[in-house]
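Please look through the sequence and the model shown here before reading the report that follows.

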Amino acid sequence: MEEVEAIKQRCRDTIHRIERLPSTTKITESCKKTLLRLANSELNFFSSLTSPIPLSSNIGHLEAVVSVLQQPFITGVSRVCKTIRNGLKSVHVDLICTLNKNPVWIIVSDRNPRYISWNGCPKNKGLKLRVEEILAAAGTSQSLKPFSVILFFSNGVGNFVRERLCNEFGASEVSLSEFEFCEEVEDEWINVHPRLFGEACVLEIKLDLMGNDVLRSECGVKNLVLDAAAFDLEEKNAGVNLGDAFGSILSRMKLCSIGEPDHLLKWGDLINFDTTALIALVSGISNGCAEKILATPDIELRQRFKGNTQFVIAQAMSEVQSPIDEELGGIIAGKRGMICESVLSEFKELVLMCGGPNEKLRADELLKFFIIVHDNPSERMMGLPTTRKLALKNKVVFGTGDRWHAPTLTANKAFVRAVSQTGMSLSTIEHRPKALTGD
């Protein structure tokens, strides 16, 4: 029974790791529940055994799935261990998530390489057929369509199978140095890569299904910021109140150089800003007015902000406790910002109607830092049904970022949650909302 006890302990350890998955994973609660249900089912089965029997356990597979989830570059986890239907057939996908800003499907295998057969047999369909079915499902899926399929062999894979995957499906090997397999010790993550999955092999099959032709004239760059548009923020601040946070954040952003539009996708450092993100950067709350608002009598605030008074007070308190430049500075540093035409139009309209003189000036200066692209949302985003929670205007904004393989910076948590509930993995960065104050 020692082997049974060892498996039960592995189940308990896996349950603990699932409960403490890092927040960077952005895994949904439903995905966590699925993993916990599978791990608890395994634990309950082995806990019910009263005598030794030939052991067959799925815990190794779950351990590998959870280890992949612990990787820092895995985000936007929307489905785990689910079946995807492709017509009359269905395929099992272990993870639907975002890897390095691209939506991917990840297939995990913990089988002994000796028993991974390429061609089928009466008891096993074979890896070749399984990969064909997965790629067919990926190619025909609408909203769940991935940029690539990742095959993670936790115990490695034989040379013959590896060569067949490369030659027949165009798979390429992903360096294991990109994976840092970790375990938790006293509430800290430590690197134990040499011991965990030391024989692992990771292969990527790119599908080229994401509409990478974004640089064509009908969907590419509308306006490109040039180096000549850069300005001395300190000099600007000397004459007007742009705000220290505003200057601090923008001074960390990269500007686009003339002659570079053909290489936008190759940069890999684009962030797509939605309207909420632009408003947060120019808001008076973010740029020195928070303490002034909190010191203003309630009656004056109610006259000024009407029914939004408590909302504004909460934002001001949040800003005092954790300034926006601390929240976004590290995220934006070294990145290039992009916005689509819809965001540009909505932002200008809101600032014109609700912004004060300083907020309007910040808005004018802010737009000098951005690449402006045509509205051109990805097919997979537009494949989602348009509903109250999945509004068309948001699908256009987030979908345009998706087509450019750029995460969208947003305070629109409701839309992000609604997309996740469809099973689609979308690369997003959330921030706290800020309102225009008339500053």
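## A glycine and its surroundings

Leaving out the neighbours within four places in sequence, G337 is in contact with M253, I271, F273, F369, F370 and I371, where contact means heavy atoms within 4.5 Å. This glycine belongs to strand β11, which covers residues 336-340; helices (H or I, at least four residues) and strands (E, at least two) are DSSP runs, numbered from the N terminus. With a relative accessibility of 1%, G337 counts as buried, a word that stands for under 20% relative accessible area, while exposed stands for over 50% and partly exposed for what lies in between (1.4 Å probe, protein chains only). G337 and L250 lie 87 residues apart in sequence, and the distance between their C-alpha atoms is 10.0 Å.

## How the model was made and read

This is a predicted model, in which local features need pLDDT of at least 70 and side-chain atom pairs count only at pLDDT 80 or more, whereas totals for chains, interfaces and linings use all residues. Residues are numbered from 1 along each chain as its sequence is written, and side-chain values use heavy atoms, with hydrogens and water left out.

The pLDDT, which is the predictor's confidence in each residue on a scale from 0 to 100, averages 82 over the protein, and 82% of the residues score at least 70. Over residues 183-195 the pLDDT is below 50, and this stretch has 24 contacts in the model beyond near neighbours in sequence. The pLDDT is also below 50 over residues 225-231, a stretch with 18 contacts in the model when near neighbours in sequence are set aside.

## The protein as a whole

The protein has 18 helices and 14 strands, and of its 439 residues 51% count as buried. Among the contacts in the protein with a separation of 6 or more, 75% are between residues 24 or more positions apart. The accessible surface of the protein comes to about 20900 Å², of which 50% belongs to carbon and sulfur atoms; such areas come from the Shrake-Rupley method with a 1.4 Å probe, and for residues only the protein chains shown count as cover.

## An open sheet of six strands

Strands of a sheet pair through backbone hydrogen bonds, either parallel or antiparallel. Here six strands form an open sheet with mixed pairing, in the order β1-β2-β3-β4-β8-β5, and two strands are taken to pair if DSSP finds at least two bridges between them. Because β1 (74-86) and β5 (172-174) stand at the edges with a single partner strand each, one side of each is left without a neighbour in the sheet. From one strand to the next, the twist averages 30 degrees. Helix α3 (residues 59-69) packs on this sheet and touches β1, β2 (89-99), β3 (102-109) and β4, with a direction that makes about 30 degrees with that of β2; axes are lines fitted to C-alpha atoms, for helices over the stretch in contact, and angles run from 0 to 180 degrees between N-to-C directions.

Strand β3 is largely enclosed by the rest of the structure, because eight of its eight residues are buried. N102, V104, I106 and V108 are buried on one side of β3, and P103, W105, I107 and S109 are buried on the other. With β2, strand β3 pairs in the antiparallel sense over five bridges, and L95 stands opposite I106 in β3. The hairpin of β2 and β3 has two residues between the strands, and N100 takes a positive phi near 50 degrees there. With β4, strand β3 pairs in the parallel sense over six bridges, and V104 stands opposite S148 in β4. Strand β4 (residues 148-153) in turn pairs with strand β8 (residues 201-206) in the antiparallel sense over six bridges, where S148 stands opposite K206 in β8.

Helix α11 (residues 298-305) and helix α12 (residues 309-321) pack at an angle of about 115 degrees, with their axes 9 Å apart. The two helices α11 and α12 are therefore roughly perpendicular to each other, given that angles under 35 degrees count as roughly parallel, over 145 as roughly antiparallel, 65 to 115 as roughly perpendicular and the rest as oblique. L301, R302 and F305 in α11 meet T309, V312 and I313 in α12.

In the loop between α11 and α12 lies K306, which is exposed, with a relative accessible area of 57%. Most residues other than glycine have a negative phi. The phi of K306, however, is near 55 degrees, a positive value in a residue other than glycine.
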